[in-house]
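These are my notebook entries on one structure. I set down what I looked up, entry by entry.

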Amino acid sequence: MKQVETVIDIQDMTKIFRMGDQSLRALDGVDLKIMKGEFVAIVGPSGSGKSTLMHMIGLLDRPDEGQYFLGVDDVLKMDDATQAEIRSKKIGFIFQQFNLLARTSARENVGLPMLYSGSDLDQERVKMLLWTTAAGGHSEIFGQ
Ligand SMILES: Nc1ncnc2c1ncn2[C@@H]1O[C@H](COP(=O)(O)OP(=O)(O)O)[C@@H](O)[C@H]1O
Ligand SMILES: [Mg+2]
């Protein structure tokens with residue numbers, strides 16, 4: 001039987017933002033499991049915690065409680081530097097504001113993370129990724 005791989009496994013994740021004597025529970029015991037090859041959308045009204053959850057999934061912020069396995073890695077147990085390495089190798093982002101570098105070509109914007117992650121600039125892969133994005137399929141970028 002074909003083995004189904006779990007890519008993201010989050011359990012009981014809680015995030016509380018504290019501002020002075022106020023606190024806001026942005027995530028309240030989130031469980032989320034995403035399997036290899038799945039294409040998942042997180043939907044909900046403004047302020048319901050979508051961006052907060054995406055920041056946790058992308059290792060851009062840490063929750064107050066919960067477990068998060070990215071593949072076999074227990075990523076919340078890792079220090080910031082190790083998380084940054086995992087982030088550069090296993091996670092791709094397309095931000096709402098795109099966060100592209102102005103005065104830098106589309107090719108260079110796409111190729112830059114390859115340099116940051118210590119691999120060679122692969123122009124063929126840059127071309128393929130740009131083509132995939134233009135075709136509306138982000139799956140080649142996310143999860144690489
Ligand atoms: N850095 C922050 N500091 C304080 N409150 C925050 C912060 N980020 C988000 N929030 C609050 O957490 C809640 C969830 O926000 P967010 O994750 O941005 O929701 P969504 O992306 O679904 O609109 C909102 O009430 C928001 O005001
Ligand atoms: Mg948002």
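Which residues of the largest nonpolar core touch the most other members? I found that Ile10 and Tyr68 do, in a core of 16 residues. I noted that a nonpolar core is a set of buried Ala, Val, Leu, Ile, Met, Phe, Trp, Tyr and Cys residues joined through side-chain atoms within 4.5 Å. Buried means under 20% relative accessible area, exposed over 50%, and partly exposed in between (1.4 Å probe, protein chains only). S1, S2, H1 and strand S3 (65-70) each supply at least two residues of this core. In soluble globular proteins, nonpolar side chains tend to be buried together.

Before going on, I recorded the conventions. The model is predicted, local features need pLDDT of at least 70, side-chain atom pairs count only at pLDDT 80 or more, and totals for chains, interfaces and linings use all residues. Residues are numbered from 1 along each chain as its sequence is written, chains are lettered from A and ligands numbered from 1 in the order in which they are written, and side-chain values use heavy atoms, with hydrogens and water left out.

Entry on Ile10. I looked up its contacts (heavy atoms within 4.5 Å). Leaving aside residues up to four places away in sequence, Ile10 touches Val30, Asp31, Leu32, Leu53, Ile57, Gln67 and Tyr68.

Entry on ligand 1. I listed the residues near the ligand (one heavy atom within 4 Å); among them are Phe17, Met19, Lys50 and Thr52. Helices (H or I, at least four residues) and strands (E, at least two) are DSSP runs, numbered from the N terminus. Strand S1 (6-19), strand S2 (22-35) and helix H1 (50-57) each give at least two residues to the shell, and H1 gives the most, with three.

I then checked backbone N or O atoms against oxygen atoms of ligand 1. For Gly47 the distance is 2.7 Å, and for Ser51 it is 2.9 Å.

Entry on Ser117. Where does Ser117 sit? I placed Ser117 in the loop between H3 and helix H4 (123-134). Why is Ser117 counted as buried? Ser117 counts as buried because its relative accessibility is 18%. Its side chain reaches the backbone oxygen of Met114 at 3.1 Å. Beyond residues up to four places away in sequence, Ser117 touches Ser88 and Lys89.

Entry on H3. In helix H3 (residues 106-116), I found Asn109, Gly111 and Met114 buried. Gly118 follows H3 and has a positive phi, near 85°.

Technical notes. A polar contact is a pair of N or O atoms within 3.5 Å; within protein, one must be able to donate a hydrogen and the other to accept it, and residues adjacent in sequence count only if both atoms are side-chain atoms.
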